[in-house]
Amino acid sequence: MSEATQGTGQDTAVVLFDGVCNLCNGVVNFIIDRDPSARFRFAALQSTQAAALLAPLGRVPEADPQSFILVEGGRVYERSSAALRVARKLPGAWKLFYAFVVIPPPLRDAAYRFIARNRYRWFGKAEACRMPTPELRARFL
């Protein structure tokens with residue numbers, strides 16, 4: 001089993017995010033804080049681990065990542081579908097956000113793309129990809 005897929009069994013899902021996006025890093029922190037069972041693992045879309053995880057699934061990370069990606073059960077979910085699937089797996093009322101899945105993906109993704117286009121302007125951009133703390137290192141690929 002490669003390092004990129006190690007620990008990505010049935011119960012584990014991998015969130016791929018823009019490692020230099022402050023909004024994306026905030027979302028990762030949000031998920032970590034609400035995922036006490038450590039169901040989710042994480043990797044920056046700019047990393048070799050993300051490329052290694054996506055390659056067997058016939059995907060190549062974008063040079064300028066504009067998507068939040070969830071790899072779960074051998075499938076790739078992007079944009080709003082990925083976010084809703086993550087919400088569904090979080091404890092408490094966050095599961096209720098999954099109800100938005102009834103909205104057609106083109107409409108959901110239009111809102112997602114609007115935020116993605118403006119995320120650096122609104123939330124800023126880091127100089128380098130996020131480095132996990134020693135306590136969280138095991139949660140990152």
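Visitor: The bend at a residue is the angle between axes fitted to the seven residues ending there and the seven starting there. Where does helix α4 bend, then, and by how many degrees?

Guide: In this predicted model, α4 covers residues 105–123 and bends by about 45 degrees at Arg117.

Visitor: Which residues of α4 are buried?

Guide: Arg108, Asp109, Tyr112, Ala116, Asn118 and Arg119 are the buried ones in α4.

Visitor: Arg139, buried or exposed?

Guide: Arg139 has a relative accessible area of 11%. Buried means under 20%, so Arg139 counts as buried.

Visitor: What is Arg139 in contact with?

Guide: Leaving aside neighbours within four places in sequence, Arg139 is in contact with Ile32, Asp35, Ala38, Phe40, Arg41 and Phe42. For Phe40 there is a distance to quote: its backbone oxygen lies 3.1 Å from a polar atom of the Arg139 side chain.

Visitor: Ala38 is on that list. Where is the place of Ala38?

Guide: Ala38 is in the loop between α1 and β2. Its phi is near 55 degrees, a positive value in a residue other than glycine.

Visitor: How accessible is Ala38?

Guide: Ala38 has 32% relative accessibility. That value falls between the 20% and 50% cut-offs, so Ala38 counts as partly exposed.

Visitor: Let's step back. How many helices and strands does the protein have?

Guide: The secondary structure comes to four helices and four strands. Along the sequence they follow the pattern β-α-β-α-β-β-α-α.

Visitor: What is the order of the strands in the sheet?

Guide: The order is β2-β1-β3-β4, in an open sheet with mixed pairing. The edge strands are β2 (40–44) and β4 (75–78), each of which pairs on one side only. From one strand to the next, the twist averages 25 degrees.

Visitor: In which sense do β3 and β4 pair?

Guide: Strand β3, residues 69–72, pairs with β4 in the antiparallel sense, over four bridges. Within that pair, Leu70 stands opposite Tyr77 of β4.

Visitor: Which strands does α3 lie across?

Guide: α3 lies across β1 (13–17), β2, β3 and β4, and it runs at about 105 degrees to β4.

Visitor: Which residues of α3 are buried?

Guide: Arg79, Ser80, Ala82, Leu84, Arg85, Val86 and Ala87 are the buried residues of α3. These pack against β1, α1, β2, β3, β4 and α4.

Visitor: What is the phi of Arg79?

Guide: Phi of Arg79 is near 50 degrees, a positive value in a residue other than glycine. Arg79 itself is in helix α3.

Visitor: Now Glu78. Which strand is it in?

Guide: Glu78 is in strand β4.

Visitor: Is Glu78 buried or exposed?

Guide: Glu78 is buried, because its relative accessible area is 18% and the limit is under 20%.

Visitor: What does Glu78 touch?

Guide: Not counting residues up to four places away in sequence, Glu78 touches Arg59, Glu62, Ser67, Phe68 and Ile69. With Arg59 there is a polar contact, side chain to side chain, at 2.4 Å.

Visitor: And how far apart are Glu78 and Gln66 in space?

Guide: Glu78 and Gln66 are 9.8 Å apart, C-alpha to C-alpha, and 12 residues apart in sequence.

Visitor: Back to the whole protein. What share of its residues count as buried?

Guide: Of the 141 residues, 40% count as buried. As for contacts with a separation of 6 or more, 66% are between residues 24 or more positions apart.

Visitor: What pLDDT does the protein average?

Guide: The average is 86, and 89% of the residues score at least 70. Over residues 1–9, though, the pLDDT is below 50. That stretch has 14 contacts in the model beyond near neighbours in sequence. Where pLDDT is low, the predicted coordinates should not be read in detail.

Terms used: Residues numbered from 1 in each chain as written. Predicted model: local features only at pLDDT ≥ 70, side-chain atom pairs only at ≥ 80, totals over all residues. Heavy atoms only, no water. Helix = DSSP H or I, 4+ residues; strand = E, 2+ residues; numbered from the N terminus. Buried < 20%, exposed > 50% of the residue type's maximum accessible area, 1.4 Å probe, protein only. Polar contact = N/O pair within 3.5 Å; in protein donor to acceptor, adjacent residues only side chain to side chain. Contact = heavy atoms within 4.5 Å. pLDDT = per-residue confidence, 0-100. Pairing = 2+ DSSP bridges. Axes fitted to C-alpha atoms, helices over the stretch in contact; angles between N-to-C directions.
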